[in-house]
Amino acid sequence: MSVWEYANPKRFMDTSARVLPWLAALAALCLITGLIWGFFFTPDDFRQGSTVRIIYLHVPAAMMAINAWVMMLVASLIWLIRRHHVSALAARAAAPVGLTFTLIALITGAFWGQPMWGTWWAWDPRLTSFLILFLFYLGYIALWSAIEDSDAAADLTSVLCMVGSVFALLSRYAVNFWNQGLHQGASLSLDKEENVADVFWVPLLVCIAGFVLLFVTLVLIRTRTEIRARRLQHLLLRERMQ
Amino acid sequence: MDKVFAIPLPGFVDWLLAYLGKYAAQVLGSYMASLILLVAIIWLSLWRAARTKRALAQAEARAGGRV
Amino acid sequence: MELRVNNLSCARGGVPVLAGVSFAVAAGQALILRGPNGAGKTTLLRTLAGLQPALAGEVSVGADDVALATHADGVKAALTVAENLGFWAAVHGQRDIAPAISAMNLTALQSRPAGQLSAGQRRRLGLARLLVTGRKVWLLDEPTVSLDAASVGLFVQVITTHLANGGLAVIATHIDLGLTAAQTLDLAPFKARLGALP
Amino acid sequence: MIALFLRDLRLAFRAGGGFGLALAFFLLVAVLVPLGVGPKAATLALIAPGILWVGAMLSCLLTLDRLFATDFEDGSLDLLATAPIPMEGVVLAKAAAHWVTTGLPLALLAPVLGILLQLPGPAFGWLTLSLLIGTPALSMIGAFGAALTVGIKRGGLLLSLLVLPLYVPTLIFGAEVVQRAGQGAPLQSPLLLLAGITAGALALLPFAAAMAIRVNLR
């Protein structure tokens, strides 16, 4: 019986090898068209001026930052229940990408709010919860790298991801509660699309698609690397044992 | 070669700043920061993928057919 | 009470160590595990104790009639000998630690903090803990390390009485304990080859 | 389980048990902050609830990474795993012992430090009450973090990176209770939410922590 109860990585490696070039091309296409379209060909917002252009980076990044964590949660559950190594490695692969998207959401959110709040960083409830999410990502990645035995690492990080998700939701609610008096709500709420005029709407959708595709591409690349790293570790172990 | 670039570049920057109006700093700042971060994560992932692939190939070569 | 194991394979830290181990130990019997260092004696004992899930195969004894004695004796330096034993007795729902203390000749050391015991005395305290658990199946990992000849004799006596009242033991050791009702199992042939990667 | 709880208490009070450590640290925080922020009573009164709560949180953290590590190193954790008590019980007993030796004294010492930090009068009672309700959650979440990092050498730093983000809800509601008490504002909702989080943590986290320990013992 092979020591690794793999979710047939062979099939995963083959299919991902075939899919990757297309995904990467499509992601690039969506990103470039969406950003250029949004940056150059949409009018200024009458209130926000040109800062509304930041929407094309902030909203997709913020959405992906949350979806990345949800994906990691699902992958952790699959690992705990079905012991598929690929899903545990996919969760590990997604974390740094999610971290980067959270950083992008934070920076663009802060820059966007600057004219309205007068400071480069305001403790707005939404931005603060992304800051907390950023800390969760840091903890998750740190735990993965701190444990040698990869099966134990997968189990422990899965538990952390589940507990972390509950506390992330709690923090999201607590931060709203905590910030009642400090700042009036942002005039253009950062996540909701419905109050965005339709001229901004289509390029935003393209950007969101671009970010989703970019996320999937990066996760596939990194998961393949994790699988290869796992196999390498195994071979090196054998060499030492011989 | 650089003459070709010299003319439109300053013109382009001035045009861009005018186009973005009052909040040019915010918009350019966030776009620059985001692009740097995106390039960083993409490059890091690709670099690590290549390095691991190479190390694995060597290990498999060393291990010969016995794998 | 019987310990039956068939076709057991176990791993340590994700690396397979033993494969296809089968044996049975009846009540009143003892099994001596032999094999070079790293052969998997400790891993086997930990799997039998339920600390580790087995990769394959079954173990017929339940996790709650097993008492384990590891290299590290689980002795708290800040507590006295009596307090240490009292704690383990309370954890296992027993009250009386006197027989255990006298069996391992610890009466004189009762009120001395464990931190000031010698390695041999500390090991005797670790083994006295077994008597306090009231468990039938003893899994012992190199129990006689750092024990002097007199203490080894004492320990053999304790094991013999344990086997006499229907207990059984699996002991990983290099020295000959001279137990009458004991078989030996060499783990070398069960060394697991690293599974081929798909 | 009670035996384990009592043993841990005895160990904490014995020499080198680190009982006074957390209290001393908490006192230090309350002394250093005014030195850093300045003596003006107005500013101190404003930040006192937050400083006291953050100080209590950090003091809890200090003794957490040794919670399981000492038992792991001297083999007791392995033996406890084979003992009749479930691992969830072991985690609860140790978290309770940690609370009694750290959380409880902090809550009792807090009013004294409140005076140092010019805490407004009506807030004193609520400060102790909020800490009494909140610190069990800090101990339980901390025990979960300690269970995650028990096998890792020098896991202390990683423990704080994992645990402090999990402390955010308790901190926000706890400090909010004291803040509102100082201003005489109604404080039922933060108090109830604080108690809710503690109840939730005590109910669910032992299972996560027990699983983490079983994985680390493998």
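**Conventions.** The model is predicted, so I kept to its rule that local features need pLDDT of at least 70 and side-chain atom pairs pLDDT 80 or more, while totals for chains, interfaces and linings use all residues. Residues are numbered from 1 along each chain as its sequence is written, chains are lettered from A and ligands numbered from 1 in the order in which they are written, and side-chain values use heavy atoms, without hydrogens and water.

**Cysteines.** I then checked burial, where buried means under 20% relative accessible area, exposed over 50% and partly exposed in between (1.4 Å probe, protein chains only). Cys30(A) is buried at 16%, and Cys60(D) is buried at 0%.

**Strand β5(C).** I took helices (H or I, at least four residues) and strands (E, at least two) as DSSP runs, numbered from the N terminus. In a regular strand the side chains alternate between the two faces of the sheet. In β5 of chain C, residues 66–69, I find Val66(C) and Leu68(C) buried on one side and Ala67(C) and Ala69(C) buried on the other. Pairing of two strands requires at least two DSSP bridges between them; β5(C) and β6(C) (residues 137–141) run parallel and have four. Trp138(C) is the bridge partner of Ala67(C).

**Positive phi.** I noted Arg83(A), not a glycine, with phi of about 55°. Arg83(A) sits in the loop between α2 (55–82) and α3 (85–117) of chain A and is partly exposed at 26%. Glu142(C) also has a positive phi, near 50°. Its loop lies between β6 and α5 (149–164) of chain C, and Glu142(C) is buried at 11%.

**Interface of chains B and A.** Counting contacts as heavy atoms within 4.5 Å, I get 31 residues of chain B against 41 of chain A. The buried area (accessible area, 1.4 Å probe, lost on putting the two parts together, summed over both) is about 3,300 Å², with 72% from carbon and sulfur atoms. Tyr19(B), Gln26(B) and Tyr31(B) supply 19% of the area that chain B buries there, more than any other three residues. I count three salt bridges, each a side-chain nitrogen of Lys or Arg within 4 Å of a carboxyl oxygen of Asp or Glu. Arg231(A) forms one with Glu60(B), the closest N and O atoms being 2.8 Å apart. On the side of chain B that touches chain A, α3(B) gives the most, with 24 residues.
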